[in-house]
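This report covers one protein chain, from its overall make-up down to single residues. Please have the sequence and coordinates open while reading.

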Amino acid sequence: METIQGINSINKLDFKVLITDPVDQYIIKTLQSNGLIVDYKPEISREELLKIIDQYQVLVVRSRTKVDKEIIRYGTNLKIIARAGIGLDNIDTEEASKRNIKIVYAPGASTDSAAELTIGLLLTAARKLYDSMNMAKGGIFKKIEGIELAGKTIGVIGFGRIGTKVAKVCKALDMNVIAYDVIDIKEKANMLGVKVAESLEELLKNSDVITFHVTVGKDAKPILNKDTFNYVKDNAIIINTSRAVVIDGKALLEYIDKKQLTYATDVLWNEPPKEDWEIKLLRHERVIVTTHIGAQTKEAQHRVAVVTTDNLITALKEIGVLK
Ligand code: NAD
């Protein structure tokens with residue numbers, strides 16, 4: 001019988017995995033083929049989860065399950081939390097680390113998909129594709145004028161994986177690219193022919209298009225707020241496929257008309273929106289919204305599943321459950 005190092009009374013078959021969100025079958029099949037017991041409950045309620053979480057050593061989630069302090073405290077036997085996704089927004093990582101619970105996820109697995117959606121939103125905003133398509137479907141064949149992107153300046157805020165990929169595509173569109181980050185990006189930017197903005201103000205003042213690709217922590221403050229909106233050019237296009245909180249939504253509602261801005265976003269403050277100002281923004285004629293589909297491609301979802309599973313198997317080996 002295989003025993004886990006340091007946990008004498010538990011054998012591999014007692015090491016149970018609970019999956020509480022819909023995940024790619026690859027995760028379930030791979031864990032089962034490694035001899036683990038997997039309970040798949042993708043629609044479990046929070047109350048039910050709190051009742052049974054202490055029976056499991058591994059919890060696998062996507063976005064639906066909020067793994068907060070309470071869930072972690074009730075999960076008295078938890079050793080690993082796996083998030084089949086690229087970020088850890090829905091996991092209280094501090095609480096998990098206090099309990100020495102390992103966390104695995106799949107950073108970078110949806111970079112190409114999120115970058116491609118960003119370019120989709122950019123083109124949709126510049127050429128008013130949404131309005132044009134709607135008119136055509138309604139039998140109205142009116143010509144509407146957009147703007148050409150070649151020769152325009154795009155400011156990339158957050159020059160990590162997705163920001164870099166977006167910058168590369170924008171260079172191919174003959175756009176000028178300027179980037180701003182809180183870490184040193186000079187070398188990478190030089191290699192790609194991207195100008196580095198010395199300050200956020202410099203980027204905002206010089207960009208015809210602004211695109212957000214930053215990671216945000218729990219207590220993140222908006223980067224675009226009542227003060228910084230003042231630096232944004234009139235008629236600018238703002239794109240956001242990172243997280244809604246990087247922009248103060250109420251300030252945006254004010255400046256969108258003051259400066260004739262266009263806002264194209266994949267992320268909202270509440271999904272679906274519930275505050276009055278959010279609903280007003282959503283319905284604004286120069287707001288384009290998608291339903292948080294940045295990582296929703298067949299390829300990205302499978303990659304997320306494969307990378308999360310690989311990382312989970314490695315973590316299980318590290319604690320001696322698998323060889
Ligand atoms: P990354 O970690 O590779 O890059 C993020 C960059 O942002 C880093 O270089 C970091 O230094 C920088 N940054 C952090 N705070 C900043 C700030 N205040 N100002 C300027 N730069 C700052 O992350 P990534 O993989 O490129 O992902 C970027 C964002 O896209 C994340 O927020 C992620 O959650 C989001 N995302 C969304 C979707 C979607 O479905 N819409 C899909 C994938 C990723």
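## Basis of the values

This is a predicted model, in which local features need pLDDT of at least 70 and side-chain atom pairs count only at pLDDT 80 or more, while totals for chains, interfaces and linings use all residues. Residues are numbered from 1 along each chain as its sequence is written, and side-chain values use heavy atoms, with hydrogens and water left out.

## Overall make-up

The protein chain holds twelve helices and 14 strands. Helices (H or I, at least four residues) and strands (E, at least two) are DSSP runs, numbered from the N terminus. Along the principal axes, the C-alpha atoms fill a box of roughly 70 × 45 × 35 Å.

Of the 323 residues, 46% count as buried. Buried means under 20% relative accessible area, exposed over 50%, and partly exposed in between (1.4 Å probe, protein chains only). Among contacts (heavy atoms within 4.5 Å) with a separation of 6 or more, 59% join residues 24 or more positions apart.

Seven strands form an open sheet with parallel pairing, in the order 10-9-8-11-12-13-14. Strand 10 (195–196) and strand 14 are at the edges with a single partner strand each, so one side of each has no neighbour in the sheet. Two strands pair if DSSP finds at least two bridges between them.

Five of the five residues of strand 8 are buried. In a regular strand the side chains alternate between the two faces of the sheet. In strand 8, Thr153, Gly155 and Ile157 point one way, Ile154 and Val156 point the other way, and all are buried.

## Helix 12

Helix 12 (residues 298–318) has 21 residues, which should span 30 Å at 1.5 Å a residue, and its end C-alpha atoms are 30 Å apart, in agreement. The expected span is 1.5 Å times one less than the number of residues. After the helix comes glycine 320, with a positive phi near 85 degrees.

Which residues of helix 12 are buried? They are Ala300, Gln301, Val304, Ala305, Thr308, Thr309, Leu312, Ile313, Ala315 and Leu316. An α-helix has 3.6 residues a turn, so residues three or four places apart point the same way. The cover over the buried residues of helix 12 includes helix 1 (25–33), strand 5 (58–61), strand 6 (80–83), strand 7 (102–104) and helix 5 (111–127). Glutamine 301 counts as buried because its relative accessibility is 19%. Leaving aside neighbours within four places in sequence, glutamine 301 is in contact with Asp24, Arg62, Ala295 and Gln296.

## Helix 5

Helix 5 has 17 residues and reaches 24 Å from its first C-alpha to its last, close to the 24 Å expected. Twelve of the 17 residues are buried, including Thr111, Leu117, Ile119, Leu121, Leu122 and Ala126. Just after helix 5, lysine 128 has a positive phi of about 50 degrees.

## Cavity and pocket

The spaces were found on a 1 Å grid over the protein atoms alone: a cavity is a set of points where a 1.4 Å probe fits but cannot get out, a pocket is an open set with protein on both sides within 12 Å along at least five of seven lines, and lining residues have an atom within 4 Å of a point. Grid points are joined across faces, edges and corners, and a volume is the space filled by probe spheres set on the points. Strand 13 (262–265), helix 11 (276–283) and strand 14 (287–289) each supply at least two of the lining residues, and helix 11 gives the most, with three. By class, seven are nonpolar, one polar and one charged. Ala, Val, Leu, Ile, Met, Phe, Trp, Tyr, Cys and Pro count as nonpolar, Asp, Glu, Lys and Arg as charged, and the others, Gly among them, as polar.

The second largest pocket holds about 380 Å³. Of its 17 lining residues, Ala125, Ala126, Lys128, Thr262 and Arg286 lie nearest its centre. Helix 5 gives the most to this lining, with three residues. The lining has seven nonpolar, five polar and five charged residues.
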